[in-house]
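Visitor: Hi, could you walk me through this one? I'd like to start with the backbone and then move on to the ligand and the helices.

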Amino acid sequence: MTETETVPADPGNRAADTAIHVEGVSKRYGSRQALDAVSLRIDRGEFFGLLGPDGAGKTTLVEIMEGLRQADAGTVDVLGGAPWPRNVALLPRLGVQTQSSAFFVRQTAHEHLATVAALYRADTAAVERTLAAVGLVGRRDTRVENLSGGQRQRLAIASALVHDPELIFLDEPTAALDPQARRDLWEVLRGLKEAGRTIVYTTHHLDEAEALCDRVAILVEGRIAALDSPRGLVGAAGAPTSLLLPPERMTVAEAEAVPGVDRAEVRGGSLVLETKVSGKVMSALDALGGLDGVQTRTATLEDVYLQLTSDATTGDIPHAQNTEHQA
Ligand SMILES: Nc1ncnc2c1ncn2[C@@H]1O[C@H](COP(=O)(O)OP(=O)(O)OP(=O)(O)O)[C@@H](O)[C@H]1O
């Protein structure tokens with residue numbers, strides 16, 4: 001084969017499509033089992049969410065992927081190599097934003113980002129481009145120490161992106177952002193995904209995970225309790241749909257008599273009907289006086305998350321739902 005020939009894509013070559021492959025990874029701190037045989041595979045170009053309550057092991061898992069911590073057991077492959085022992089060749093290919101990002105506080109936002117860019121040998125145009133992407137052009141000449149919490153957060157994100165890494169780890173990146181900045185960042189992140197970047201995204205915002213992530217893993221007490229697309233998780237949970245009616249429309253007893261209604265109660269000023277066959281109930285309500293004022297609330301990722309994490313507090317940690325993409 002000559003050098004100019006292209007190598008045909010091999011649909012069976014799983015490794016080439018894989019950004020991260022974690023297999024049987026465990027980590028213990030003293031008596032605390034932070035991770036217990038975690039296995040997952042993240043595809044290149046995937047927007048992958050890592051969810052779970054405080055102390056579930058998210059940071060530990062991400063730091064193992066980033067090569068900042070050594071696993072006690074298991075194997076970790078990141079972009080085709082092992083991140084531990086510290087893999088210097090891998091570093092420029094990774095972008096990392098943490099909750100405790102370090103800053104050159106006496107520098108301006110622009111100087112700080114230019115310094116980070118220089119460390120990675122990124123071009124100067126990347127500095128301007130990245131400042132604009134995170135909405136910090138207006139603060140470019142403000143010293144880091146004088147930036148607000150949200151602006152620093154944006155600078156931390158910019159610092160993770162300025163060298164155009166292939167794989168980006170973001171740890172609660174919207175935690176200190178106001179609602180508009182949060183939505184603006186969503187657009188930046190969607191652009192990164194469209195550009196083919198792989199994103200590992202830790203968040204406590206379930207709406208964010210639902211809006212952005214291709215798949216999410218829900219970690220509970222060091223184990224993967226669920227792993228699937230947000231839509232898949234919501235569907236598999238079989239959670240009911242709620243139909244909200246003005247309370248004067250009918251009594252609770254009348255509502256419970258509507259075919260397909262599992263439960264009815266007055267809650268938050270509405271008559272709430274729970275059903276797993278919402279189409280059927282909607283038709284019945286339509287026939288009973290129209291659909292004016294009827295609102296539908298379908299189950300969300302938050303409902304699934306709360307179910308899974310509350311199971312953990314009762315000691316009944318579920319087995320992973322949908323292992324389709326797991327190693
Ligand atoms: N360096 C450490 N030494 C001892 N215990 C640790 C250490 N780091 C984490 N732990 C413990 O391991 C468990 C998992 O912690 P980890 O920070 O990975 O969880 P997390 O899901 O990221 O939590 P949070 O959402 O609060 O950041 C917790 O019980 C934590 O107290």
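Visitor: Where does Pro 85 lie?
Guide: Pro 85 sits in the loop between β4 (73-78) and β5 (94-97). Keep in mind that this is a predicted model.

Visitor: What kind of peptide bond joins Trp 84 and Pro 85?
Guide: A cis one, with omega at about -5 degrees. Most peptide bonds are trans.

Visitor: Good to know. And what is the phi of Ala 37?
Guide: Ala 37 has a positive phi, about 55 degrees, although it is not a glycine. Most residues other than glycine have a negative phi. Ala 37 is part of strand β2.

Visitor: On to the ligand, then. Which residues surround the ligand?
Guide: Around the ligand you find Tyr 29, Arg 32, Ala 34, Gly 52, Asp 54, Gly 55, Ala 56, Gly 57, Lys 58, Thr 59 and Thr 60. Two or more residues of that shell come from each of β2 (32-43) and α2 (58-66).

Visitor: Which element gives the most to the shell?
Guide: That is α2, with three residues.

Visitor: And how many are charged, polar or nonpolar?
Guide: The shell around the ligand has three charged, five polar and three nonpolar residues.

Visitor: Let's switch to helix packing. At what angle do α3 and α4 cross?
Guide: Helix α3 (residues 109-119) and helix α4 (residues 124-133) cross at roughly 130 degrees, and their axes come within 9 Å. That angle makes α3 oblique to α4. The crossing of α3 and α4 is right-handed.

Visitor: How do α3 and α5 pack?
Guide: Helix α5 (residues 149-161) packs with α3 at an angle of about 25 degrees, and the two axes are 9 Å apart. The cut-off for roughly parallel is under 35 degrees, so α3 and α5 count as roughly parallel to each other. The crossing of α3 and α5 is right-handed.

Visitor: Zooming out, which domains does the assignment give?
Guide: The protein chain is assigned domain 1 (16-235) and domain 2 (240-298). The C-alpha centres of domain 1 and domain 2 are 42 Å apart.

Visitor: Which residues does the UniProt annotation cover?
Guide: The unreviewed UniProt entry annotates residues 20-246 as "domain: ABC transporter". Over residues 20-246 the chain is 33% helix and 28% strand, with the end C-alpha atoms 50 Å apart.

Visitor: Thanks, that covers my list!

Technical notes:
Residues numbered from 1 in each chain as written. Predicted model: local features only at pLDDT ≥ 70, side-chain atom pairs only at ≥ 80, totals over all residues. Domains from an automatic or database assignment. Near = placed C-beta within 6 Å. Helix = DSSP H or I, 4+ residues; strand = E, 2+ residues; numbered from the N terminus. Nonpolar A, V, L, I, M, F, W, Y, C, P; charged D, E, K, R; others polar. UniProt positions renumbered as here; feature names shortened; annotations may be inferred. Axes fitted to C-alpha atoms, helices over the stretch in contact; angles between N-to-C directions. Parallel < 35°, antiparallel > 145°, perpendicular 65-115°, else oblique. Left-handed = near helix turned anticlockwise from the far one by under 90°.
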